[in-house]
Amino acid sequence: MKNLRINTNFIPLIITICLFCGLFAIGSVVYRGFFSMQVVLNLFVDNAFLIIVALGETMIIIMGGIDLSVGALIALSTMIVGFSMANLHWPPALAILAVLAFCSLFGFVQGYLITYRKFQPFIATLCGMFVARGLCFLINQDTIPIKDPFFITVATTRIKLMDGAAISLTVVIAFVVLAAYIYLTHYTKFGRTIYAIGGNEQSARLMGLAVDRTKVLAYTLSGFTSGIAGIVFCFYMLSAFGLHAVALEMDAIAAAVIGGTLMTGGVGMVVGTVFGVLIEGIVQTIITFQGTLNSWWTRIAIAFLLLAFIVVQRILVIRRESKKRIRPVEFI
Amino acid sequence: MEDKNKLKKRLIDYQMFWPLFALTVLLAFNFFFIKDFFAIEIIDGHLYGSLIDILNRATPLMFMAIGMTLVIATGGIDISVGSVLAISGAVVSIMIGGDMVFLNGEQQYVSHYPIVLALLAAIAVSVVCGIWNGLLVAKLGIQAMVASLILLVAGRGIAQLITDGNVVTIYYKPFFYIGSGFLLGLPFSIFLVAAFLVLILWLVKKTAFGLFVEAIGSNVVSSRFTGLNVQRMVWACYAISGLCAGIAGLIVASEVKSADSNSAGMFIELDAILAVVLGGNSMAGGRFLVMGSVIGALIVQALTTTIYAIGVPPEVTMVVKALVVVAIYLIQSQAVKSKVKTQATPPTLKSKEAQA
Amino acid sequence: MPGAPDHGMAFFLTRSGGVNKAMEAENVLVRMVGICKEFPGVKALSNVDFELRRSEIHAVCGENGAGKSTLIKVLTGVEHNETGDIYLDGSPIRPKTPMDAQDLGISTVYQEINLCPNLSVAENIFIGREPMKMGKIDWNEVNKRSALALARLNIKLDVTGRLDEYSVAIQQMVAIARALDISAKVLILDEPTSSLDKNEVANLFRVMRKLKEQGMGIVFITHFLEQVYEITDRITVLRNGLLVGQFETAKLDRLQLIAQMIGKDLAEFEKAIKQDTGDQAKVQETIFFQGKEVGRHGTINPFDIEIKKGEVMGLAGLLGSGRTETARIIFGIDKADSGEVFIDNQKVKINSPEDTIRRGMGFCPENRKIEGIIANLTVRENIVLGLQGKLGLWKFLSMKQQLEITNKYIKILNIATPSTEQLVGNLSGGNQQKVLLARWLATNPELLILDEPTRGIDVGAKAEVQKLVLELAKEGKAVLFISSELDEMVRCCDRMAVYRDKTKIGELQGDEITEMKVMQTIAGEAG
C-alpha cells in the first residue's frame with residue numbers, strides 16, 4: 001500500500017466517519033427497524049447520483065474553485081436522454097453518449113472561461129447553471145417519462161448481497177466512479193497538480209506544473225462526472241424534467257465540507273465526501289423514521305451540521321496558525 | 001481645482017459607463033423591435049406601460065442588489081438572501097393572514113396582528129438573519145460563501161417551519177399597497193426603493209461608511225492597522241443585506257398576496273449577484289457603486305421583460321441573462337487588459353520593480 | 001570608477017588577462033551579454049552583462065529598482081529580454097518559461113518559498129516528476145528519494161509531514177533540495193536569508209559551500225552586506241538598470257561597495273541627513289509610553305520599556321530578535337499576555353490598534369505594501385484614512401478638507417504624484433512610504449512607530465525620512481524607530497533598546513550609541 005500521509009491529515013476523515021457511525025447508532029437505538037443492512041444500503045441507492053456529483057465537486061473545490069452548474073447539468077442530462085429517446089427515437093447508447101459528450105463540452109467551456117478569460121469560477125459556473133437550466137426548458141417545458149426498456153431494466157435490477165439486503169446497479173456505478181476518483185486524486189500527476197493548485201496556484205506555476213491545462217481538464221472532468229450523475233439520475237427517477245436536482249450543488253458542496261474538504265482549497269479527500277453524502281442521507285432517514293417531522297427539517301439539520309463542521313474547521317485552522325507547532329529536524 | 005476636476009472625471013468616468021450603456025442598448029433594442037414599448041397610458045390616475053412595469057417588478061431585486069453590493073464590496077458574498085426573503089414573507093403572512101369578519105354587515109378581512117407590528121417583525125427577523133451571517137463572517141472569520149450557504153440551506157426550512165409547510169394567503173387589503181399600490185401615479189414600491197436608495201447613498205457618501213468599506217474590501221490588514229473597526233463594518237454590511245432581503249420579501253409577499261416558502265425568492269440571489277456585476281462592481285471587493293447595481297437590477301429586469309415581450313418562452317431568460325453576463329465579463333476583461341498596457345502615467349522603474 | 005560596460009570577451013580579457021582566456025572560457029557556466037529589458041515606460045535593464053563560473057558563489061547587489069530581479073527573471077525564463085544573448089556552458093540558450101530554465105539546469109529558490117504548504121515535504125520535492133509504477137505514482141519511491149535529497153543537505157526529517165509544519169528555514173531547504181534534484185548546474189538564491197535566524201543562516205551557508213565544492217555555480221542575491229562578505233567570491237553591482245561592475249569580493253571594501261551601489265559620495269550622504277537637525281534639543285524627561293513586564297507567550301519575552309516625548313527611541317537587533325514583535329504589541333496589533341502598560345501616566349488596557357490610535361499612536365509597518373498602504377485607493381484616501389478612522393463613522397471630512405490635508409502633506413513630504421487621485425499602488429516605494437507617513441502625521445500622533453521605514457526606497461527618500469524622524473523629535477513627539485541598517489539607527493536615535501532572540505537584553509544612551517557598541521551588545525560581549 002502506498003505510504004500514506006501522516007495521521008494529522010486523516011483526522012478530519014476519522015471525525016466524519018465517527019459522526020456517521022454515531023448517527024447510525026442513535027438511529028438504531030431510537031427507531032425499530034433502523035439497524036438493518038438495507039437501511040445502510042438504501043443510503044447508497046437513494047444517493048448514488050449525489051455521491052457521483054459530489055466527487056466531481058470535491059475535486060474542483062480542492063483545486064480552489066467551485067462548480068455551481070452540476071445540478072443543472074444533471075437536469076439537462078435527463079432532458080437530453082428523455083427527449084432524444086422519446087421524441088428522436090435514439091437508442092439508449094447514443095443518448096448516453098450524447099449526454100456525456102455534451103456535459104464534457106459544457107465543463108470544458110466553463111473551464112476555458114475560468115482559466116483563460118479569468119472569469120471567477122463562481123460567476124462562470126453560475127452562468128453555466130443558468131444556461132443549462134434554460135436549455136432544459138427550451139427542449140421541453142414539462143416532464144418526459146423515460147420508458148426505454150434498457151433504462152427500466154437498469155433501474156429495477158437489484159443485486160442481492162445477502163438476505164434482505166440488495167443494492168441497485170447505480171450503486172455499482174457510483175463505486176466505480178469513486179474508485180476512479182481515488183486513483184485520480186492520489187495516484188496521478190493530474191490529481192496531485194490539483195492539490196498543488198489549491199495549495200498555492202502561483203507556486204504551482206513557478207514549479208513548472210501545467211496549471212492551466214489541469215484547470216481546464218478538471219472542469220471538463222467535472223462536467224463529464226455530472227453527465228454520469230445525470231444518467232444515474234435517469235435510472236433513479238425514470239423521468240426528464242427541467243426542475244430536477246434543483247439546489248443539488250449545495251448538497252454536493254455541503255457533503256464535501258462535512259467530508260473534510262476546505263473551501264479554501266488544497267485539502268480534502270474524496271472518501272470523506274462519500275461519508276458526507278451518507279451523513280446527509282442518514283439525517284434524512286432519521287427524519288423519515290421519525291414520521292411526524294416534515295422533510296424540510298432535513299434542510300435545517302444539514303445546515304446545522306454544516307455549521308458545526310465549518311466552525312470546528314475554522315477553530316482548528318486558527319489554532320494551527322497561532323500555535324505554529326514547528327516540527328523538529330535532525331542535522332546529520 | 002485640478003484635483004476636483006480630476007475627481008469628478010473619475011467618478012463619472014469608468015464605473016457608471018458600462019451599466020448605463022448596457023441599459024441604453026437594451027431599451028433602444030426594445031424601442032425598435034417592440035411595438036408600444038415606450039408607450040405610457042394613464043388609467044384611473046395610474047401610469048401603466050412596459051417601462052413602468054419594469055421599474056415596478058425590479059424593486060425587490062433593486063433592494064437585494066443594494067445590500068449585495070455592500071457585502072460584495074467587503075470582499076464577501078451573501079447567497080442566503082433568497083431564503084431570507086422567504087422567511088420575511090413567511091413571518092409577515094403568518095402575522096397578517098386575514099381573518100374574515102363581518103363589520104357593518106359587510107365581509108371584511110382583518111389581520112391577526114396590527115400591520116405595523118407584522119411589518120416590523122418581518123424586518124426584524126431579516127436583520128437578525130443578516131446579523132447571523134455577519135457573526136459567522138466577521139467574528140468567526142468563516143468564508144462568506146460557506147457561511148451564507150448555511151442560512152441558504154436552513155432558511156427555506158425555517159420559512160417552512162413558520163408557515164407550517166403551507167402556502168399562506170394574505171387577505172388583508174392595506175398590505176397590498178406595498179406591492180400593488182400607487183402613489184402619485186407610480187407604483188408605491190418605486191418610492192420605497194428611491195427612499196431607501198437615498199438613505200444608503202447618504203450613508204455611503206456623506207459618512208465615512210463608503211470609505212471604510214472600500215478600504216476594508218481593498219486591503220483588510222492595512223485597514224485594521226489603520227484603526228478601522230473591521231468587524232463592526234463587515235457585520236453592518238451583512239445586517240444591511242439582511243434588511244434589504246427582508247424588505248424585498250415584504251414587497252414580493254404583497255405583490256403575490258401570499259407566501260410560498262418553497263419558491264419565494266428562488267434564484268433571486270443569483271439575479272442580485274448578476275445585477276451587482278452588471279453594475280460594474282468587482283466580485284473581489286474594494287471600490288463599489290451602489291447606483292451601478294441598481295441599474296444592473298434594471299438591466300436584469302428589462303431583459304426579462306424584453307424576452308417576454310418578444311414572445312420567447314420565459315425559461316430562455318435564464319439563458320439570456322447568463323450569456324449577457326458572460327459577454328459583459330469578456331468585454332470588461334479585454335478593456336482591463338488594454339488599460340494596463342497603455343498606462344496614462346508610466347510607472348517609475350522603482351514602482352515596476354516593486355510590483356514585479 | 002569601474003563599470004563602463006565593455007562588451008563580450010574584451011571585458012573579461014581586461015579583468016583576467018589574455019593568457020587565461022581559454023581557461024576562463026572553460027570555467028564559465030553562465031554568460032549573459034548585452035541584456036536589455038523594457039517594461040512599459042521603464043528600462044529595467046540596459047546592456048547588462050553577467051558571468052557566473054563553476055564552483056563559485058556570486059553575489060548580485062543593488063538597491064531596489066537596480067534590476068537584480070529582472071536580470072534573474074530573464075535568465076530563468078520568467079521574462080524575455082529584447083536584446084542580448086545568454087550562454088550556458090558555451091551554448092546559447094533562450095529559456096521561454098521557468099520550465100525551460102529548469103530543464104536546462106538553472107533553478108531558482110525565491111524569497112517567498114514557492115512551494116505548496118498543503119503538500120508533504122516529499123511531494124513538494126517531486127511534484128510534476130513523480131516516479132510511476134504501473135500507471136500509479138510510486139509513493140514509496142517518492143518518500144525514499146526525497147529523504148535522500150534532503151540527506152544530501154545533511155538534513156533528516158519526516159518527509160511525509162506537511163510542508164507548513166516545518167520552519168521557514170527548513171522549507172527553504174526543501175526548496176533547495178527540489179532545485180538540486182531537478183537540475184544541478186546553476187542555483188539562484190533570491191534573498192534567501194531574509195527570514196532566517198543566525199543559526200539557520202549558518203546552516204544555509206554550510207550547504208552552499210558544499211554545493212560550491214561540488215562544482216555548482218550559485219547566484220546569491222541579497223541586501224545583507226555582511227553576508228556578501230562572508231560567503232561570496234565575486235560581486236556584480238547593478239544600479240538603475242545598468243551594470244556598474246563585477247568585482248572580486250576579497251578586493252572590494254565595504255565602503256566602496258556601498259558607494260558603487262548608491263553612487264553617491266558617502267560623506268555627501270551623511271551631510272544630507274545632518275543638515276537641518278543642527279544641535280540636538282536637550283533631552284526630554286516626559287515619559288509618554290511605559291511598559292512593565294509586557295510580554296506575549298512565544299513571541300516576545302516580558303520586557304520593560306520607556307518611550308519619552310521628544311526623543312527617538314530605537315529598537316536594535318538582528319532579524320528575528322523581536323523588534324517588530326515589540327512594536328506590534330506596543331501598537332496593539334498583538335495582545336500582550338503579561339504586564340502593564342501606561343500611557344501618559346495612566347494605566348491602560350490595549351485590545352486593538354483602535355485603542356492606541358485613539359491615544360495618539362501611529363504605526364508604519366515593515367511590510368508596507370501588504371500591511372500599510374491600500375494600493376487600490378487614491379493618495380487622498382490613503383492619507384485621510386487614519387484621521388477619519390480616529391474621527392469615526394459620522395464625522396466625515398468634507399472633500400474640501402480632505403484635499404486640504406492631502407495637499408498639505410504632499411508638499412511637506414515632497415510626495416511625487418501626478419495628482420491626489422492617483423492610485424497609491426502606482427507610486428514608487430519611496431513615495432508609498434511617504435503616503436503612509438502622511439497618513440499618521442495627519443492624525444497628529446504623540447508616538448509614531450516606524451518599522452523599517454527606509455527599506456526598499458531610494459537614497460533621496462531615505463534621507464528625507466530620516467530627516468523627518470529627527471524633526472518629529474524636535475517638535476516634542478516620541479518616535480520608535482526600527483531599522484536593519486545600523487548606521488541609520490546610530491544617526492537618528494537618542495536611545496536604543498537592544499534585542500536578541502526575542503528578549504530585550506539592554507539599553508544604550510547618547511554617546512554609547514555607536515555601531516560598534518550596538519554590535520557588541522547584540523553579540524553579548526562585555527564592555
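In the predicted model, helix 3 (residues 70–86) and helix 4 (residues 92–116) of chain A pack with their axes 9 Å apart, at an angle of about 150°. The crossing of helix 3 of chain A and helix 4 of chain A is right-handed. Helix 3 of chain A contributes Leu73(A), Ser77(A), Ile80(A), Val81(A), Ser84(A) and Met85(A) to this contact, and these meet Pro92(A), Ala95(A), Ala98(A), Val99(A), Phe102(A), Cys103(A) and Phe106(A) in helix 4 of chain A. By class, the residues of the contact comprise eleven nonpolar and two polar, with no charged residue.

A kink of about 70° is centred on Asn47(A). Gly64(A), with a positive phi near 95°, follows helix 2 of chain A.

Chain C contains an open sheet of six strands with mixed pairing, in the order 19-20-21-16-22-23. Strand 19 (361–364) and strand 23 (503–509) of chain C form the edges, each pairing on one side only. On average, neighbouring strands of this sheet are turned by 15° against each other, direction ignored. Strand 22 (residues 495–500) of chain C pairs with strand 23 of chain C in the antiparallel sense over six bridges, and Arg500(C) stands opposite Thr503(C) in strand 23 of chain C. Helix 18 (residues 459–474) of chain C packs on the sheet, where it touches strand 16 (312–317), strand 20 (447–451) and strand 21 (478–482) of chain C. The direction of helix 18 of chain C makes about 150° with that of strand 21 of chain C.

The contact between the two chains takes 27 residues from chain A and 31 residues from chain C. On the side of chain C that touches chain A, at least two residues each are supplied by helix 4 (98–104), strand 8 (136–137), helix 6 (139–151) and strand 9 (155–156) of chain C. Helix 6 of chain C provides the largest share of that side, four residues. The side of chain C that touches chain A has 14 nonpolar, eleven polar and six charged residues. Strand pairing also links the chains: strand 5 (residues 330–331) of chain A and strand 9 of chain C pair in the antiparallel sense over two bridges. The bridge partner of Phe331(A) in strand 9 of chain C is Ile155(C).

Key
Residues are numbered from 1 along each chain as its sequence is written. Chains are lettered from A and ligands numbered from 1 in the order in which they are written. This is a predicted model: local features need pLDDT of at least 70, side-chain atom pairs count only at pLDDT 80 or more; totals for chains, interfaces and linings use all residues. The bend at a residue is the angle between axes fitted to the seven residues ending there and the seven starting there. Two strands pair if DSSP finds at least two bridges between them. Axes are lines fitted to C-alpha atoms, for helices over the stretch in contact, and angles run from 0 to 180 degrees between N-to-C directions. Two residues are in contact if their C-beta atoms, placed from the backbone, lie within 7 Å. Ala, Val, Leu, Ile, Met, Phe, Trp, Tyr, Cys and Pro count as nonpolar, Asp, Glu, Lys and Arg as charged, and the others, Gly among them, as polar. A crossing is left-handed if the near helix is turned anticlockwise from the far one by less than a right angle, and right-handed if clockwise.
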